[in-house]
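Good morning, and thank you for joining.

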Amino acid sequence: MVGQEGGSRVMNDHKDIELVDEASYQPVPNPGLEPHHERWTDANAAAANRAYREVLGMLALVPLLAIAFVVIYFAVPKENYVKFGPLHASAMHVGLGLTGGVATLLIGFACIHWAKQLMDDTEVIDYRHSASSSADDREAMLQQWRAGAAESSLGRRKLIGLGLAGAGLAAVPAVVLLADMGPHPGPGLRRATIEKTIWADGVKLVNDITFKPIKASDMEIGQLVNAEPENLEELHGTAFQQAKAKAAIIIVRMAPESIRIPESRKDWQVNGILAYSKICTHVGCPISLWEQKSHHLLCPCHQSTFDLGDSGVVVFGPAARALPQLPIKVSADGYLVAQRDFDVPVGPSYFERDSRNDFKKGDN
């Protein structure tokens with residue numbers, strides 16, 4: 001369709017079809033500018049003064065919160081934490097989040113209140129126009145570009161251009177400073193951090209809410225329990241959150257005759273009681289959607305499905321490896337305890353890890 005003055009023309013089968021003028025085929029008429037309604041703060045001086053004081057009050061609190069932010073940063077020890085029921089959080093981080101967040105909100109609220117109640121309320125119409133520049137403007141811009149290139153003398157003094165390129169190496173020190181963000185995640189560091197949890201020989205399996213140890217005799221067939229290691233309570237702050245995220249498990253009990261246990265894992269379970277990582281091997285979502293009859297565990301994020309009756313292998317979805325299984329046993333007093341840490345890293349996969357020890361369907 002080619003726009004013309006006062007109308008349009010369609011090219012179809014090499015024939016020109018003249019259409020009616022633009023105004024007659026627009027589906028919605030031009031609404032124009034709606035009637036202006038005076039704001040209460042424009043009509044009432046007391047309301048305007050009150051809005052003015054509210055804006056000033058919000059802005060006056062910002063520097064006080066900024067000072068509180070700095071005081072908290074230097075005065076609150078990093079080891080202190082705040083407990084919200086079963087959750088733990090760094091006291092410093094809570095304080096910094098509250099002061100910094102509230103200060104930011106107050107600035108935003110003050111600006112919005114100022115704009116809506118005190119700024120000029122004149123309404124205008126801005127008519128649309130073509131987004132492209134005219135041919136004359138584009139030619140003028142091209143001439144200015146050519147003139148600037150000629151005035152720079154780079155065409156005759158090419159070494160200046162090379163010198164400017166070399167000056168770009170001034171960014172290298174800034175890149176080097178990125179190393180201060182932490183150690184390079186090599187194999188040794190990965191084995192000592194993300195590939196390791198706090199599970200160890202003799203650590204009791206406890207309920208993740210009450211931290212009550214779990215007896216093997218209390219587990220019923222078909223039951224699923226969300227659990228954590230007992231030694232998690234010894235940690236606080238960031239260390240607590242990191243350990244909890246990696247060590248979370250689910251414990252299930254199934255009839256021994258209804259499940260397949262490979263010879264290499266005969267002693268990893270207790271009379272049909274098995275423990276698996278709660279962290280999906282796709283992108284790390286926590287899993288607890290349990291289907292007793294099929295022994296399947298479903299991830300709510302992307303529907304990866306694991307067969308806990310068959311060593312946690314993937315039966316559906318994007319996950320590429322089985323859920324890691326935690327070897328467990330029964331202590332002398334009848335409680336479920338770990339035999340050792342997981343044999344393979346828990347959580348989502350990553351390129352650098354060795355996947356040769358992952359359990360695969362058919363290994364039974």
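**Salt bridges in the model**

A search across the whole structure returns eight salt bridges, a salt bridge being a side-chain nitrogen of Lys or Arg within 4 Å of a carboxyl oxygen of Asp or Glu. The model is predicted, so local features need pLDDT of at least 70 and side-chain atom pairs count only at pLDDT 80 or more, while totals for chains, interfaces and linings use all residues. Residues are numbered from 1 along each chain as its sequence is written, and side-chain values use heavy atoms, with hydrogens and water left out.

Let me begin with Asp42 and Arg39, whose side chains form a salt bridge at 3.0 Å, N to O. Arg39, Asp42 and Asp121 are linked in a network of such bridges. Arg39 is buried, at 13% relative accessibility, and Asp42 is partly exposed, at 38%; buried means under 20% relative accessible area, exposed over 50%, and partly exposed in between, with a 1.4 Å probe and protein chains only.

Next, Asp358 and Arg321 form a salt bridge, with their closest N and O atoms 3.5 Å apart. This pair links distant parts of the chain, 37 residues apart: Asp358 is in the segment after strand S16 (336-338), and Arg321 is in the loop between S13 and strand S14 (325-326). Strands here are DSSP runs of E, at least two residues long, numbered from the N terminus. Asp358 is buried, with a relative accessible area of 9%, and Arg321 is buried as well, at 5%.

Finally, Arg260 pairs with Asp310 in a salt bridge, the closest N and O atoms being 3.9 Å apart. Asp310 is buried, at 3% relative accessibility.

How values were computed:
Helices (H or I, at least four residues) and strands (E, at least two) are DSSP runs, numbered from the N terminus.
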